[in-house]
Amino acid sequence: MKTLLIAISLTFLVAPLPIYAQSVSAPTNPADYEELPELKASEILRPEILNGPHHKVREPVPTFSGSNHFSIDSDFGAFEAEGNEMLVRRINEINAIFELRDVSRTEQYKNALVKAAKSPLAAAKNIVTDPVNTVANVPKGLMKFMGRVGESVKGIGKKDQSSAAEGSKAQQLIGFSDTKRKVAISLGVDPYSTNAVLQKELDGISWASFAGGLTFQVATIPIGGPALTVTGATSTFQEVLRDKSPTDLKIMNRKILLGMGANAADAEALLNNAAFSPTAETAFVLNLKSLDGVANRGAFVRLAAKTSSNETDAIFCIETAALMGNLHKGEKPLARIALIGDFPICVAKDGTVVVALQWDYAAWTAGAARFAQGVQTQSKEKSTYLVALSGVVSPRLRQELESRGFQVQDRLTPGPLR
C-alpha cells in the first residue's frame, strides 16, 4: 500500500490540480481526450430547479475545475452559483427573499415596527445596521436594560471584533442574532449566507420580530433539501444552528475536532479560517465526526484549514467528507484517510483505495489519464480502486476507468440534477 501511495503522489506532483482538471499537460496526443462540455440547464436540471415562481436558470452551464457554473435570473436580481450545491442554496434563498418581502407588506409587520420604535430596544437598532460605529454611543439606559451583559459590550465596536459571517458581538449580546438565526432556519436558509440581498431582508424582519414582537409563519420548504449535506444528522444540524451562537458552535466544534485526534493548532486554524462560516464549519466537523473509527481524520482537518480560501473550497470539503461518511456507513467501511498532495483519499477496511469527492461533472481528460496510468503501472500491489463522485461521470471516462480495473460510482449526491 505504501508503494501505491508513493506512486499516486508522483502523479500529483505532475498534476497538482484535482484528477479531472483540464489544465494538466498530457503525455500523448490531446485529441485522445475529451473537451469539457458546456452543459444545458434544461437537460441536466430537475424542472422545479430550472424554473420556479421567482427564478429561472440560464441555459448555458459551463463546467470547469469540478464545478458546474450557473447563472440565475430572479425577481430580485441576477445571482451566480458555483456548483450544484450552491445552486440549490441560491434558489432556496430566492424563495426566502420573496417570503420575507411578502411579510414586510403585512399590517402585522407595520404594527411591529411601530411597537419596536417605542421599545426600550429602539436605541439598539443601529447596532444591527452599523455595529462598529454605534456601540461607543449606546445610551446608559440601554446598558442597564441589557443587565449584566452591559460590561461585556465595552470595546465591542472595534472592527477586528466583528465578523460578516456571524454578526457583530454586540448583535449577539442584545439577542438580535439569536432571533435572526431562528428566522433563517424557519425559512430553510443559512443564517450566515453570503447572499447580501437575503441578509438585508433577514435583518429587517428579524428586527421587527426581536424588538416589535412580530410573529409569522412561512410556507417555504427548501426545494432541494438541505443546502449542505450532513451525514445522518440533518435534523440535529438544523437544531444546532438554530440554538447555538457562533461562539457556542466554535466551542462544540473544537471539542469534536480534538476528540477525533486533530492537532490543536490545526483545529484552531480551521475554526478561524474565514472560508468556513459557522454553518460550513459545523457541517464539515459533523461529517468528519460521522467517520467514527476512521484513522487520520486530522489530516483532512489540516488540509481544509490550509488550502480553503473561499466558500466554494469549504463546500468541497463538506461534501467530500459527507461522501466519505456515506460510504463508511454503507457498503465500504473505511479504515483511514490519506493525503496525496492537497488531495484527500481513503483506504477502506478491505484494502480498496477510495477516491471520493464532491465533483459536478467529470470527463476523460489528460489529468484523469495520468492518474489512472500512475496507479496501474506503478503500483506493486493488486489493490482494487473505487472512484465515487457526487455528480456525473461522462460515458467516456467511465469506459476508460473501468477498462483499467476501476470501479466507478457517480450521482451519489445528485442535488439539483435530473
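Are Tyr385 and Phe406 buried or exposed? I started my notebook with this one, and I found that Tyr385 is buried, as is Phe406. By buried I mean under 20% relative accessible area, with exposed over 50% and partly exposed in between (1.4 Å probe, protein chains only).

**Before going on**

I am looking at a predicted model, where local features need pLDDT of at least 70 and side-chain atom pairs count only at pLDDT 80 or more, while totals for chains, interfaces and linings use all residues. Residues are numbered from 1 along each chain as its sequence is written, and side-chain values use heavy atoms, with hydrogens and water left out.

**Overview**

I noted 19 helices and 13 strands in the protein. Helices (H or I, at least four residues) and strands (E, at least two) are DSSP runs, numbered from the N terminus. Of its 418 residues, 53% count as buried. I also looked up contacts, meaning heavy atoms within 4.5 Å. Among those between residues at least 6 apart in sequence, 65% join residues at least 24 apart.

**Aromatic pairs**

How many aromatic pairs does the structure hold? I found six. One of them joins Phe276 and Phe284, a tilted pair with 5.8 Å centre to centre and 35° between the planes. Rings of Phe, Tyr and Trp (its six-membered ring) pair if their centres lie within 6.5 Å; planes under 30 degrees apart count as stacked, over 60 as edge-to-face and the rest as tilted. Phe276 counts as buried because its relative accessible area is 5%, and Phe284 is buried too, at 0%.

Back to my opening residues: Tyr385 and Phe406 also form a tilted pair, at 5.4 Å centre to centre and 40° between the planes. This pair links distant parts of the chain, with Tyr385 in strand β11 (residues 385-389) and Phe406 in strand β13 (residues 406-409), 21 residues apart.

**Helices α10 and α11**

I saw that ring pairs link Phe176, Trp207 and Phe210 into a cluster. Helix α10 (residues 176-187) packs with helix α11 (residues 196-212) at an angle of about 115°, their axes 9 Å apart. Axes are lines fitted to C-alpha atoms, for helices over the stretch in contact, and angles run from 0 to 180 degrees between N-to-C directions.

Which residues meet here? On the α10 side I listed Phe176, Thr179, Lys180, Val183, Ala184 and Leu187; among their partners in α11 are Leu202, Ile205, Trp207 and Phe210.

Gln199 sits in helix α11. This residue is buried because its relative accessible area is 16%. Not counting residues up to four places away in sequence, Gln199 touches Lys180, Asp190, Pro191, Tyr192 and Ser193.

**Helix α14**

Which residues of helix α14 (residues 264-271) are buried? I found Asp266, Ala267, Leu270 and Leu271. They cover an arc of only 135° around the axis, so they lie on the same side of α14. The arc is that of the directions from the helix axis to the C-beta atoms. The buried residues of α14 pack against α13 (246-259), α15 (278-289) and α16 (297-307).

**A loop residue**

My last stop was Asp292, in the loop between α15 and α16. Asp292 counts as exposed because its relative accessibility is 59%. Leaving aside residues up to four places away in sequence, Asp292 touches Arg297 and His328. I also noted that Asp292 and Leu334 are 42 residues apart in sequence and 9.3 Å apart in space, C-alpha to C-alpha.
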